[in-house]
Amino acid sequence: MNCLVSRWHVPVLLFLLLSSPFTQAADPIGIPALTLTTAEDGSQQYTVTIQILFLMTAITLLPALLMMMTSFTRIIIVFSILRQALGLQQTPSNQILLGLALFLTIFIMSPVFETVNQVALQPYLASELQPLEAVQQAAAPFREFMLGQTRETDLALFARIADAGQFNDPQEIPFRILVPAFVTSELKTAFQIGFMIFIPFLVIDLVVASVLMAMGMMMMSPIIISLPFKIMLFVLVDGWAMIIGSLAASYGV
């Protein structure tokens, strides 16, 4: 009997404590969802929790921003065309090409990143700029970079599609027009560079195919014979250094 009482003693005690009026009257503890603070100059700032939420949302857009607002698009397309011109389907692998394109993008975009760090990131971390002001300051270096690489015809095309009229100052061009115009210009430039890369390797394929046909070896694939010659030519002219240097030079680096 004593064992039975002691067994039910603890659950009954916990039930009484949880159902007591003292427990029910306790105030719930939580984090406020939104708090708006007004500064002395009239500007408003959200709570840190809301800023973190906005930051986590912006991080999901980083891959798209990396491809659409930097030199990454031109570099990765040129590398892909180069691999196709050599006749190598999986060498170098996609991971190697993406890694090389990423670090080359960081190298080319380093002046822009340094400017953003000086005029936007550091003042924001020092509480000298509000979040929206920091974003506006960070957008200016990227706008200058993209305007320097965008063709006027592409800008005019998207301005006409958006029915935005004429812009007296390039700084007035909104990002909804500048970004697609910049990407279109990057695609054109990348395919132009890829065409120049493809020509020497195409000549080797034509020569090898003609020699095999003259020898009556029409059943042998010319790619098998031309691949070593294309690799040898690419190595002899130091192709990787030439292409990477040309890509960097195309941005004025």
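Select Met 217 to begin: this residue is partly exposed, with a relative accessible area of 30% (buried means under 20%, exposed over 50%, and partly exposed in between, with a 1.4 Å probe and protein chains only). Met 217 sits in the loop between helix 9 (175-214) and helix 10 (222-236). Helices here are DSSP runs of H or I with at least four residues, strands are runs of E with at least two, and both are numbered from the N terminus.

The model is predicted: local features need pLDDT of at least 70, side-chain atom pairs count only at pLDDT 80 or more, and totals for chains, interfaces and linings use all residues. Residues are numbered from 1 along each chain as its sequence is written, and side-chain values use heavy atoms, with hydrogens and water left out.

**Helix 5**

Next, select residues 72-86. This is helix 5, whose 15 residues reach 21 Å from the first C-alpha to the last, close to the 21 Å expected at 1.5 Å a residue (the expected span is 1.5 Å times one less than the number of residues). Of its 15 residues, 13 are buried. Gly 87 follows the helix and has a positive phi, near 85 degrees.

**Salt bridges**

Now display side chains. The model has 3 salt bridges, each defined as a side-chain nitrogen of Lys or Arg within 4 Å of a carboxyl oxygen of Asp or Glu.

- Arg 74 and Glu 186 meet at 2.6 Å, N to O. Arg 74 lies in helix 5 and Glu 186 in helix 9, so the pair ties together parts that are 112 residues apart in sequence. Arg 74 is buried, at 2% relative accessible area, and Glu 186 is buried at 0%.
- Lys 188 and Asp 154 meet at 2.9 Å, N to O. Because Lys 188 lies in helix 9 and Asp 154 in helix 8 (residues 152-161), the pair ties together parts 34 residues apart in sequence. Lys 188 is partly exposed at 36%, whereas Asp 154 is buried at 2%.
- Lys 230 and Asp 205 have their closest N and O atoms 3.4 Å apart. This pair links helix 10 with helix 9, across 25 residues. Lys 230 is buried at 3%, and Asp 205 is partly exposed at 21%.

Then select Thr 189 in helix 9, which counts as buried at 15% relative accessibility. Leaving aside residues up to four places away in sequence, Thr 189 touches Arg 74 and Arg 151, a contact being heavy atoms within 4.5 Å.

**Asp 238**

Move to the loop between helix 10 and helix 11 (239-250), where Asp 238 is found. Its phi is near 55 degrees, a positive value in a residue other than glycine. Most residues other than glycine have a negative phi.

**Confidence**

Finally, colour by pLDDT, the predictor's confidence in each residue from 0 to 100. Confidence is highest in helix 5, at 90, and lowest in helix 2 (residues 21-24), at a mean of 42. Over residues 1-31 pLDDT stays under 50. Where pLDDT is low, the predicted coordinates should not be read in detail.
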